[in-house]
Amino acid sequence: MTITSDGNVPIYFTSASGNVVDDSTHVGTWDLLYELIGHANFLYVADCKLASRENLSHIATRDGRS
């Protein structure tokens, strides 16, 4: 679930099979937020599965913050 920082309003939710690992979902979620907002000036906060080289590189090359 993805929420806003001003009032915790849900803006995106998805569920996946129990066989889907968390670290493979962050790039798609970040890209969706980038598309919805129209820029990379937002803070993406997630659990430790975000901290993979692939995920952080994807966000950094698009001038994002995590």
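**Exposed residues and a nonpolar core**

At 66% relative accessibility, D63 counts as exposed, a term that applies over 50% relative accessible area, whereas buried means under 20% and partly exposed lies in between (1.4 Å probe, protein chains only). This is a predicted model, in which local features need pLDDT of at least 70 and side-chain atom pairs count only at pLDDT 80 or more, while totals for chains, interfaces and linings use all residues. Residues are numbered from 1 along each chain as its sequence is written, and side-chain values use heavy atoms, with hydrogens and water left out.

D63 is located in the segment after α2; helices (H or I, at least four residues) and strands (E, at least two) are DSSP runs numbered from the N terminus. The phi of D63 is positive, near 60 degrees, although the residue is not a glycine. Most residues other than glycine have a negative phi. A positive phi, of about 55 degrees, is also found at N8, again not a glycine. N8 belongs to the loop between β1 (2-3) and β2 (10-12).

A further loop, between α1 (26-37) and α2 (53-60), holds A51. A51 is exposed, because its relative accessible area is 59%. Its C-alpha atom is separated by 22 Å from that of S17, which lies 34 residues away along the chain.

The largest nonpolar core consists of seven residues, namely W30, L33, A40, F42, Y44, L50 and I59. Such a core is a set of buried Ala, Val, Leu, Ile, Met, Phe, Trp, Tyr and Cys residues joined through side-chain atoms within 4.5 Å. Apart from neighbours within four places in sequence, W30 is in contact with A40, F42, Y44, H58, I59, R62, G64 and R65, where contact means heavy atoms within 4.5 Å.
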